[in-house]
Amino acid sequence: MDKKKTMFSGIQPSGELTLGSYIGAIKNWVSMIEDYDAYYCIVDLHAITVRQEPAALRRRILEQLAQYIACGLDPEKVTLFIQSHVSAHAELAWVLNCYTMFGELSRMTQFKDKSASHADNINGGLFTYPSLMAADILLYQADLVPVGEDQKQHVELCRDIAIRFNNAHGETFKVPEAFIPKVGARIMSLSEPTNKMSKSDKDPSGSVHLLEKPEDIMRKFKRAITDSDTSADCVRFSPSEKPGVSNLIQIYSCASGKSISDIENEFAGRGYGDLKMTVGNAVVETLRPIREETERLLKDKAYLEEVYKMGAKKAEYAAGKTLGKVYRKLGFVSR
Ligand code: TRP
């Protein structure tokens with residue numbers, strides 16, 4: 001049997017996971033479990049590049065782990081772990097910082113965006129964020145990195161860093177590929193449908209959280225932005241002309257498994273009120289089992305602890321091999 005390819009991805013515990021995180025990321029991860037040797041990380045070291053409230057951060061890390069499991073990431077089949085539990089991440093990040101150029105880091109769009117939105121705290125970690133992300137990926141010799149479109153630039157920089165290191169020291173790192181899912185990769189905000197639905201959005205009406213109550217979810221869908229079209233075919237998929245409506249169609253398609261054209265047919269001659277109710281209900285039913293299972297898991301702290309400890313052990317073993325190789329190549333004296 002061929003060796004399975006390795007996959008690595010992570011989400012920052014910097015906000016509540018949203019419907020966008022589920023459809024755009026976790027649902028795809030779940031569908032790939034059987035075919036890959038997969039590592040899914042809760043990247044808490046990345047989260048502190050912007051200020052976090054410690055108690056809220058601790059709560060969200062455990063919540064995120066419970067949500068990963070509730071969404072179908074079986075801890076017996078994939079490695080689920082917390083980034084700060086495996087010290088090799090911080091160690092390799094330092095090494096890679098020395099192989100990443102100031103100019104490269106300056107060109108990262110996320111750095112430019114975050115510097116603008118956190119102008120009072122443009123710290124070194126925010127700037128070198130991509131070298132830590134490269135360390136995450138390269139430690140596991142990952143072949144594939146499933147990410148959203150917004151992270152593609154970071155994966156590209158990670159490839160450049162890996163190639164640069166390999167050229168200097170001989171084959172050390174696998175050069176990874178970004179994997180950007182076609183379906184559901186861009187679930188947009190309900191209140192500003194030209195922006196991505198984001199867990200760090202300040203406007204709560206735009207995003208639906210995985211743990212949100214059904215009545216709150218319905219309220220957000222009822223208020224979702226559409227447009228003023230009243231024609232018989234107003235429910236039509238066209239992201240450039242009808243961003244709000246297309247986003248609702250996309251969400252409904254992901255929640256129900258129906259194709260976009262089937263949905264357009266289903267809503268021929270019907271209006272936006274109907275569409276919003278139908279999509280809202282479909283989302284409530286999709287999220288219900290996830291919320292219930294997450295709540296159940298959060299009551300079982302001993303189990304969650306067992307999962308993250310087992311994950312850290314597996315991750316540490318794989319990461320340690322790569323870090324040892326890197327230190328040897330650099331000329332460090334082994335301890
Ligand atoms: N930077 C990613 C984001 O904000 C999160 C992340 C950190 C990540 N390390 C990673 C994603 C490694 C993929 C692989 O979405």
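Reader: Which residues are exposed on the other side of helix 6?
Author: D113 and A116. Exposed means over 50% relative accessible area, buried under 20%, and partly exposed in between, with a 1.4 Å probe and protein chains only. Helices (H or I, at least four residues) and strands (E, at least two) are DSSP runs, numbered from the N terminus.

Reader: What kind of model is this?
Author: This is a predicted model: local features need pLDDT of at least 70, side-chain atom pairs count only at pLDDT 80 or more, and totals for chains, interfaces and linings use all residues. Residues are numbered from 1 along each chain as its sequence is written, and side-chain values use heavy atoms, without hydrogens and water.

Reader: Back to helix 6. Which residues are buried?
Author: Q110, F111, K114 and S115, in a helix that spans residues 109–117. They sit on the same side of helix 6 because they cover an arc of only 130° around the axis. That arc is taken from the directions from the helix axis to the C-beta atoms.

Reader: What do they pack against?
Author: Helix 5 (102–106), helix 7 and helix 8 (152–169). Contact here means heavy atoms within 4.5 Å.

Reader: New topic, the ligand. How many residues surround it?
Author: 13, and the closest are Q12, Y129, M133, D136 and Q151.

Reader: How far is a ligand nitrogen from the side chain of Y129?
Author: 2.7 Å, to an N or O atom of Y129. A polar atom in the D136 side chain also lies 2.7 Å from a ligand nitrogen. For Q151, the distance from a side-chain N or O atom to a nitrogen of the ligand is 2.9 Å. A polar contact is a pair of N or O atoms within 3.5 Å.

Reader: How much of the ligand does the protein bury?
Author: 90% of the 370 Å² that the ligand exposes when taken alone. These areas come from the Shrake-Rupley method with a 1.4 Å probe.

Reader: Now D143. Where is it found?
Author: In the loop between helix 7 and strand 4 (144–146).

Reader: Does D143 count as buried or exposed?
Author: Buried, because its relative accessibility is 13%. A polar atom of the D143 side chain lies 2.8 Å from the backbone nitrogen of T6. Leaving aside neighbours within four places in sequence, D143 is in contact with K5, T6, K174, P176 and E177.

How values were computed
Near = heavy atom within 4 Å. Polar contact = N/O pair within 3.5 Å; in protein donor to acceptor, adjacent residues only side chain to side chain.
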